[in-house]
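Please examine the sequence and the structure shown below before reading on.

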Amino acid sequence: MKSKQIFTTLLLVLVTNNLFAQTFRDRLLPTEERFGFHQDDYWTWCGSVIKGDDGKYHMFASRWSKKLSFEIYWLTNSEIVHAVSDKPEGPFTFSDVVLPPRGEQFWDGKMTHNPAIRKCGDTYLLYYTGTTYKGDMPDENHLITADSPKKLDAHQHERIGLATAKSPYGPWTRSDKPILDVVPNSWEQYLVANPSPYVFEDGRVMLYYKGVEKLKKHAIGVAFADNWTGPYKRMSDKPFEMGIGGEDPTIWFENGKFHALLLDHDRKFSDKEIYYAQSKDGLKWDVENNPVAITKNIRLTEGSIAKHGAMERPSVLIENGIATHAFFATKNKENKHSWNMCVPLKKINELNDKTKWFKDAGLGMFIHWGLYSVPAGIWNNKPIGDERYINPLAEHIMLLNKIPIKEYAALANGFNPTDFDADKIVKMAKSAGVKYISFTTKHHDGFAMYDSKVSPFNIINATPYKKDPLKALADACKKEDIKLCLYYSLGRDWENKNAVSREARRNTWDFPDTAGLSYEKYLNEKVKPQLKELLTNYGDIAMIWFDTPELTTLKQSISLELFVKQIQPNCIINTRAGNNIGDIIEMEDNKIPEKENAKPWECPATMAESWGYSVLDTKEYWKSSNELIEKLVEIRSKGGNYLLNVGPDAKGIIPELAKERMNDISKWMAVNSEAIYKTKPIANKIYNTYLTQNKTHIFIFIKKTTEKYLLMYIDPKSVKKITLLTPKGEQTVSFKSSAGKGIVINNPSILPFSSLSVLKIEKIKQTENKLSITD
Ligand code: H79
C-alpha cells in the first residue's frame, strides 16, 4: 500500500454464488396412491425401474404371497418379478416372473429379492439378493417362525448375484456363483445382500451393498469392478461410513454429482423414512442437517396428505441423465397392503430458491408486543429484576419476578390496545424500506397475540380488546406487499407446564416439579396446533421465526421443519428451530458476525435494550439513527439482513424514539436503498469502509472522514462511470486510471449524509464476473 494519507485501498474479489441449498424434499411432486405397482394377492416390496428399448417402462420388484405374513416370509418365499407400464409412474402391470426358485442346489435356489435394474450397452443388468436353504418352501399350511432353522438357514445364505438379458422380457442368464460372497472372520462374515450398483457408461461398477456380521449387526460395504462381468473387489476391508446410518442406498449421478437416497437405521433423524445425501465422488457423502427426503406423509394430487406406515427401498428412474421419478416400497397406515409407489420428481433446475426474497431484502422489522407491554418493565413499582441492569428485557418480566400465571394473566384485563393501527405501522415500515415484518405471535410468557383455539390464553379470549391484531397485520402486509414472518417462542412457554426447559428459563414457581412432564407433549399439544393455526389462517407466511429452542432434540427440530413445510412449502424457518435446522442462520440477538456466511443470515436487533416496550429504556439507552444505518450497512456488506425491533406500548403505539429512527432510516433508504437491496457482499475485508455489489454496480459506503482519494484495484476499462447518490439525484464523480493498476476516485468533499453516503460504480459489462483483481 502506498501512502495511507492519500490512498484508501480497496481489494476486490468478486464472488458469484448462485448455488443454494437444494433438498431432495423440494423435488417431490404430488402423486397418486395407485401410481407404482400393486398386486392384490402378493406383498410387493423392493422395486427398480428402467426405460426399455421398446419405449416402455419396466419394473423389477419382489413379491411373496399374501397368504403368508409380511414379516419373515420375504426371506423364504420372495421372487423377483417384472411389470410393465407405458408411463413411468405406472400403474405397472405384471408381466412375468424373472427369477423364480430354481432348486436348492443353487446359491439363489429358493429366494430372490432386492432387484436393481441397470443397463450397459445392450445388456440389461439385474443385481439381486438370493438365497437357498434346506427343505420345502413354507406355505400357508407349513408356517415358520422367526426362530425356525429354515429361516436362519435362508438368512445366513443371502448373497449378491447378477442376472443379465438382452431384453427386459428375458431370457435371463444367472451365474452359478454369487458375484459377492461373504468374507470369513470379518464384519461381513454372516451374509451380504441389498446390492446397489452404480454402473458407469464404460462398464465399470461401483457396488454398494449391505454386509452383516451377526444377526442385527450390519453395515454398508463398497466393491468395485472394472467391468460388470466382474470380479467385484472390496474397496476396503472395513465397513463404509456414509455419515448417516445407511441401509439400502440407491445411488445415481445427476447434474455433476452423485446422489443417494437411503434409509437410516439409527433413526437419528426420524423414524422409517427415506434420507438424502450428495457426493462429489460417490464415496465421500455430504448429509444435510435435515436429510429427511421422503416422509410417511405423502402429498397427493388431489391436495390431501396420505399417511403411510413405512417408506423403504428407494430407487430412482433415470432418463437422459435426469432423475424423473422416485420409487419406494411402502405400506398403508394399517400395514395391510404393501406396494411399490412412485413419486414424480421436479428437475433440479426447476427448483426455486425459497430464501431468495430473504437474501434480497436487507431490512426487516421486528415487532415485540404482548402482555408484557402493559407493565413495561416495572413490577410492584420496581424495575424488572429489581435492578435494571441485571436484565433490561421487559418481555421477561414474568420470569424475572416469578409472577404466578394467575397474576400475570390478570394483565390481560388491562390490555386494550385500541390505538393499534396495523396499516399505519406497516406503512411506516414500508417507507423505511422494510421488506418483511416479524411479529411475536407467542413470546416466552405463552400468551397468544392472535385468535387461537388451542389455548384460551390469548388476546381474543382474555382481553377486553377482543380483536386479532395478527389478522389486521396480515391484511396490511398483503396490501403493502410486505412479507409476513411469525415469531414463535419454541422452548420457553411459562404458561405451559410441559414446556420443560433449562432450570433458570422455565416456570419453576407454578410448576416446581417436572416429574411426569413431557416436552414432546407440549410440542404436540401446543406448538404444532398453534403453528397449524398460524400457517392456515393468515395467508402466506414467509418465515416461522423460532426462538429459544432450549431442550428441543434433533428429531423434534426436524419434525417441526417438516411440519411447517407440509402446510406451507415456501415458508422458511430460522435456525432457532434448534440443532442447526433451518433455512437461514439466526445470529445471536444484537450480534453482527465477523464475516459473511455461506448461508443466508439475519441479525435481530433492538434500537435500545428491551424488545418489549419498556419505560426503563430511557433516551440514553437508544442507539442513534446513524448507528442503526451503519449497522445495516455493515450487515449488508456481510450478506446478512438487519431485523430491527420496535415494541409498541400497551395502547399499541410505537414509541416516539423508535418512530424518529424509522423516519431517519426512511430518508436514508429513499436515496441509498439500491446499495442495500438485492446486493451481495464482496469477499475481502477492506480498509476503512464497506462495499456491496450487484450484477451491474459496486457500491462503496463512505464517511465524511474518508480521505481525498480512493484507490480501487479494478480494471479502469471495466468502469463506465461513478456517481454519488444524493437526495437531489446522482452526482458524477471523476476518476482516472492509476498506472494501469486500478482507478483513483476523487472522493467528494461534501457528502449528503452524516452517516454513510454511497458511491455507485457502474460496470461496463453487465456481468458480475468481469471485474478482475489486479493486485
Ligand atoms: O424475543 C427477544 C428476546 O426476548 C429473546 N430473543 C429475542 C429475539 C431472548 N430470550 N432470551 N434472551 C433473549 C436472552 C437470554 C436471557 C437470559 Fe436469562 C438472561 C438468560 C439468562 C439471563 C432470562 C433470565 C432467562 C433466564 C434468566
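The following sections describe a predicted model.

## The chain as a whole

The protein chain of this predicted model contains twelve helices and 39 strands. Its C-alpha trace spans about 90 × 75 × 45 Å along the principal axes.

Of the 775 residues in the protein chain, 59% count as buried. Among the contacts with a separation of 6 or more, 65% are made by residues 24 or more positions apart.

## The nonpolar cores

The largest nonpolar core has 118 residues, and M365, I437, I544 and W668 touch the most other members. Beyond its neighbours within four places in sequence, W668 is in contact with I629, L632, V633, I676, F701, F753, S755, L756 and V758. A second, separate core has 21 residues, including F24, I298, F328 and V343.

## Helix 11

Helix 11 covers residues 625-637, a run of 13 residues. From its first C-alpha to its last it reaches 18 Å, close to the 18 Å expected at 1.5 Å a residue. Just after helix 11, G639 takes a positive phi of about 85°.

The buried residues of helix 11 are S625, L628, I629, L632, V633, E634, I635, R636 and S637. An α-helix has 3.6 residues a turn, so residues three or four places apart point the same way. Three of the buried residues, I629, L632 and V633, are also in contact with W668.

## The surroundings of the ligand

Which residues come nearest to the ligand? Of the 19 residues around the ligand, they are H368, E395, H443, R492 and D547. By class, this shell has seven nonpolar, six polar and six charged residues.

Individual polar atoms can also be located. An N or O atom in the side chain of H368 is 2.6 Å from an oxygen atom of the ligand. For nitrogen atoms of the ligand, a polar side-chain atom of H444 lies 3.0 Å from one, and a polar side-chain atom of D547 lies 2.8 Å from one. The elements that give two or more residues to the shell around the ligand are helix 4 (397-400) and strand 27 (543-547).

## Backbone features in loops

Most residues other than glycine have a negative phi, and most peptide bonds are trans. Several places in the chain may be read against this background.

The peptide bond from G170 to P171 is cis, with omega near 0°. P171 lies in the loop between strand 8 (159-165) and strand 9 (173-174). Another cis peptide bond joins G230 and P231, where omega is about 0°; P231 belongs to the loop between strand 12 (217-225) and strand 13 (233-234).

R267 is found in the loop between strand 15 (257-264) and strand 16 (274-279), whereas T548 lies in the loop between strand 27 and helix 10 (554-567). Are these residues buried, exposed or partly exposed? R267 has a relative accessible area of 36% and is therefore partly exposed. T548 has a relative accessibility of 12%, so T548 counts as buried.

N77 is found in helix 1 (residues 73-77). Because its relative accessibility is 13%, below the 20% limit, N77 counts as buried. Leaving aside residues up to four places away in sequence, N77 touches R63, W64, L68, M111, Y133, M137 and P138. N77 and W64 are 13 residues apart in sequence, yet their C-alpha atoms are 5.7 Å apart in space. The side chain of N77 also makes a polar contact of 2.6 Å with the side chain of T76.

S85 lies in strand 4 (residues 79-85). With a relative accessibility of 5%, S85 counts as buried. The side chain of S85 reaches the backbone oxygen of K87 at 2.6 Å. Not counting residues up to four places away in sequence, S85 touches K56, Y57, G90, P91 and F92.

Methods. Residues are numbered from 1 along each chain as its sequence is written. This is a predicted model: local features need pLDDT of at least 70, side-chain atom pairs count only at pLDDT 80 or more; totals for chains, interfaces and linings use all residues. Side-chain values use heavy atoms; hydrogens and water are left out. Helices (H or I, at least four residues) and strands (E, at least two) are DSSP runs, numbered from the N terminus. The expected span of a helix is 1.5 Å times one less than its number of residues. Buried means under 20% relative accessible area, exposed over 50%, partly exposed in between (1.4 Å probe, protein chains only). A residue is near a molecule or strand if one of its heavy atoms lies within 4 Å of it. A polar contact is a pair of N or O atoms within 3.5 Å; within protein, one must be able to donate a hydrogen and the other to accept it, and residues adjacent in sequence count only if both atoms are side-chain atoms. Ala, Val, Leu, Ile, Met, Phe, Trp, Tyr, Cys and Pro count as nonpolar, Asp, Glu, Lys and Arg as charged, and the others, Gly among them, as polar. A nonpolar core is a set of buried Ala, Val, Leu, Ile, Met, Phe, Trp, Tyr and Cys residues joined through side-chain atoms within 4.5 Å. Contact means heavy atoms within 4.5 Å.
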